[in-house]
Amino acid sequence: MKKWIPNLITMLNLLSGCIAVVYAFKDELILAGIFVALGILFDFFDGLAARLLNVSGELGKQLDSLADMVTSGVVPGIVMCQLLADATGHSSNFFTVDADLGWSSATSLFKEITFLGFLITAASAYRLAKFNIDTRQTDSFIGVPTPANAILIISLGIIAQITHNDLIFSILSNPYILIGITLLSCYLLNAELPLFALKFKSFGWKTNEIRWIFIVLCVVMIITLKIYAVPCIIVLYVLMSVFNNVMNKSKVT
């Protein structure tokens, strides 16, 4: 029975993602973000459970990617669609309530440009499929992981809804900037860019300098910037990885 424990945890990831999809469609992005965060937490613990119980297998690997596709692929795509809908002056909700007909599709209010947000979903699917056959990504990542990308996109959606800063709101309400973020997100998901992973083989400083520095900076940013820290942390993660790659190459040469 123990081999089913990691799979059951993965299914909780999938369930969390499905609930997040519902809230994202309703434009309740804070609740969607909470369930995505919960799903990502389950995504972490299913792998941990598989290693501790020594029950890793092909089924769990495939199931994990399918669950991630919903939680970290479909949901951020919907969120970006919502952002683009707001930015282009259309209803940010995929559905409207009609007094006589109940829930009905609001396709007439949803212009084609908003569907560009689903490029993130497509790029996430490609990354997850590629990850399953890439033997290089055991101790590090190549390209931004889908959970990190999902956190970035959903945090931008939440910030756009709650911010009182006019500059930040104007940036996140600009369709050209949002399309740029979408395209950059798609690229970074599948770029041949090595990124360090927060996997500790030991807790010493010597082999984990970049991980400890990153964690400390994350804590400082969360304390000082609150919700605004989330996208900054993802950007910091990419920049520190690029810097780490440059330093490693310089040591080799």
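Exposed means over 50% relative accessible area, and buried means under 20%. The model is predicted.

**Exercise 1.** Compare the span of helix 8 with the span expected at 1.5 Å a residue.

*Solution.* Helix 8 covers residues 209-225, which is 17 residues. From first C-alpha to last, helix 8 reaches 24 Å. The expected value is 24 Å, and the helix is close to it. Just after helix 8, K226 takes a positive phi of about 60 degrees.

**Exercise 2.** Which residues of helix 8 are buried, and which are exposed on the other side?

*Solution.* Start with the buried set: I210, R211, F214, C218 and M221. These residues span an arc of only 95 degrees around the axis, so they sit on the same side of helix 8. Residues three or four places apart in an α-helix point the same way, because there are 3.6 residues a turn. Now turn to the other side of helix 8: V216, I223 and T224 are exposed there.

**Exercise 3.** Classify the aromatic pairs F115–F118 and F196–F214.

*Solution.* The whole structure holds six aromatic pairs. In one of them, F115 and F118 lie 6.5 Å apart, centre to centre, with 20 degrees between their planes. That pair is stacked. F115 is partly exposed at 43% relative accessible area, and F118 is partly exposed at 27%. Next, the ring centres of F196 and F214 are 5.6 Å apart and the planes stand at 75 degrees, so this pair is edge-to-face. F196 belongs to strand 4 (residues 194-196) and F214 to helix 8, so the contact ties together parts 18 residues apart in sequence. Both F196 and F214 are buried.

**Exercise 4.** Which residues do ring pairs link into a cluster with F214?

*Solution.* Ring pairs join F214 with F196 and Y237.

Key
Residues numbered from 1 in each chain as written. Predicted model: local features only at pLDDT ≥ 70, side-chain atom pairs only at ≥ 80, totals over all residues. Heavy atoms only, no water. Helix = DSSP H or I, 4+ residues; strand = E, 2+ residues; numbered from the N terminus. Expected span 1.5 Å × (residues − 1). Buried < 20%, exposed > 50% of the residue type's maximum accessible area, 1.4 Å probe, protein only. Arc of directions from axis to C-beta. Phe/Tyr/Trp six-rings, centres within 6.5 Å; stacked < 30°, edge-to-face > 60°.
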